[in-house]
Amino acid sequence: MLRLGWFSTGRGPGSRNLLKAVMDKKAEGALDIEIPFVFCNWDNKEEDNPRKEQRQIFFDMVEGYGIPLVTASWKRFEPELRKEDEDAWRAEYGKLLREKTSPYEFDLGILAGYMMWMDDETCRAFDMLNLHPALPDGPKGTWQEVIWQLIAEKADSQGAMMHICTEEWDRGAALTYCEFPIRGGEYDRLWEDMERKLETSTLEDIKKNEGAEEPLFKKIREDGSRRELPLIVATIKAFADGKVSMKDKKLYADGKPIDGPYDLSEQVDAALE
């Protein structure tokens with residue numbers, strides 16, 4: 001059985017959907033996993049907490065599953081040090097995180113909507129996976145930056161990947177990914193509309209005026225986001241079934257080291273049908 005350390009900021013429906021998807025698959029017998037704890041970097045006792053109600057729903061959900069909830073408020077932890085030296089603060093908070101989760105053993109950490117950067121020592125101590133909404137050789141940055149860059153480059157495909165957390169934020173090696181075309185069908189009309197707009201406006205103007213509502217941008221986002229949850233589930237399943245494993249931060253498939261990430265496009269597409 002694969003033991004998953006679950007790390008989440010619990011800020012909204014996305015965090016709950018991730019946990020529910022995995023627990024549903026476990027209940028169906030499709031995932032041979034256990035979640036020994038859920039760690040959250042809020043405890044809901046903070047004075048300034050704009051997502052308190054959403055987070056409480058998440059906390060209640062975790063406890064409803066019978067999973068131990070471990071919290072450590074980042075807002076109330078050594079605020080003076082955080083102002084003076086953010087790197088030193090992050091290292092100290094990492095010590096607290098490791099101390100609080102130390103009673104629970106886990107094989108793989110999943111950052112499931114965890115909105116903080118992990119400190120270097122925690123990255124070295126554990127194998128942890130994070131989602132990045134782009135292909136392994138695709139753009140870096142937020143999902144918004146990724147999509148605008150794809151449009152600027154007139155790209156043919158988009159995807160999502162799970163990468164290992166390392167000291168270099170968002171630069172860890174991709175372990176699994178899925179890919180989908182952003183050409184053909186409805187996309188061709190949306191690209192044509194974009195080309196017409198670019199005859200009279202710059203991409204920066206379109207970005208400023210339309211933002212996430214721009215139809216091509218919106219379509220790429222929708223098709224990408226609906227694959228993110230199935231990719232996380234398919235990745236966990238690949239590890240739980242022993243198809244892939246990690247040793248010394250490197251990926252192995254069927255016991256042999258592999259150079260690149262593991263393509264789960266077929267499994268993800270099947271989950272969408």
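Q: In which loop does N49 lie?
A: This is a predicted model, in which local features need pLDDT of at least 70 and side-chain atom pairs count only at pLDDT 80 or more, while totals for chains, interfaces and linings use all residues. Residues are numbered from 1 along each chain as its sequence is written, and side-chain values use heavy atoms, with hydrogens and water left out. Helices are DSSP runs of H or I with at least four residues, strands are DSSP runs of E with at least two, and both are numbered from the N terminus. On that basis, N49 falls in the loop between β2 (33-40) and α2 (52-64).

Q: Is N49 buried or exposed?
A: Buried means under 20% relative accessible area, exposed means over 50%, and partly exposed is in between, with a 1.4 Å probe and protein chains only. N49 has 10% relative accessibility, so it counts as buried.

Q: With which side chain does the side chain of N49 make a polar contact?
A: Contact means heavy atoms within 4.5 Å. Leaving aside neighbours within four places in sequence, N49 is in contact with W42, N44 and R55. A polar contact is a pair of N or O atoms within 3.5 Å; within protein, one must be able to donate a hydrogen and the other to accept it, and residues adjacent in sequence count only if both atoms are side-chain atoms. At 2.7 Å, the polar partner of the N49 side chain is the side chain of N44.

Q: Is α1 roughly parallel or oblique to α2?
A: Axes are lines fitted to C-alpha atoms, for helices over the stretch in contact, and angles run from 0 to 180 degrees between N-to-C directions. The axes of α1 (residues 13-28) and α2 come within 9 Å and cross at roughly 15 degrees. Angles under 35 degrees count as roughly parallel, over 145 as roughly antiparallel, 65 to 115 as roughly perpendicular and the rest as oblique. Therefore α1 and α2 are roughly parallel.

Q: In which hand of crossing, left or right, does α1 pass α2?
A: At this crossing, P13, S15, R16, L19 and K20 in α1 meet Q54, I57, F58, M61 and V62 in α2. A crossing is left-handed if the near helix is turned anticlockwise from the far one by less than a right angle, and right-handed if clockwise. The crossing of α1 over α2 is left-handed.

Q: At roughly what angle do the axes of α9 and α10 cross?
A: R226, R227, P230, L231 and A234 in α9 meet Q267, V268, D269, A271 and L272 in α10, and the crossing is right-handed. The axes of α9 (residues 215-240) and α10 (residues 265-272) come within 9 Å, at a crossing angle of roughly 120 degrees. That makes the two helices oblique, the angle being roughly 120 degrees.

Q: Which strands stand at the edges of the sheet that has β3 in it?
A: Two strands pair if DSSP finds at least two bridges between them. Eight strands form an open sheet with mixed pairing, in the order β3-β2-β1-β4-β5-β6-β7-β11. Two strands each have a single partner, so one side of each is left without a neighbour in the sheet; these are β3 (69-71) and β11 (262-263).

Q: Which residue in β11 is the bridge partner of T176?
A: Strand β7 (residues 174-181) and β11 run parallel and are joined by two bridges. In β11, T176 has as its bridge partner Y262.

Q: Over how many bridges do β8 and β9 pair?
A: An open antiparallel sheet has the order β8-β9-β10. In this sheet, S245 stands opposite Y252 in β9. Strand β8 (residues 244-247) pairs with β9 in the antiparallel sense, and the number of bridges is four.

Q: What is the phi of D248, which is not a glycine?
A: Most residues other than glycine have a negative phi, and most peptide bonds are trans. D248 lies in the loop between β8 and β9 and, at 66% relative accessibility, counts as exposed. Its phi is positive, at about 55 degrees.
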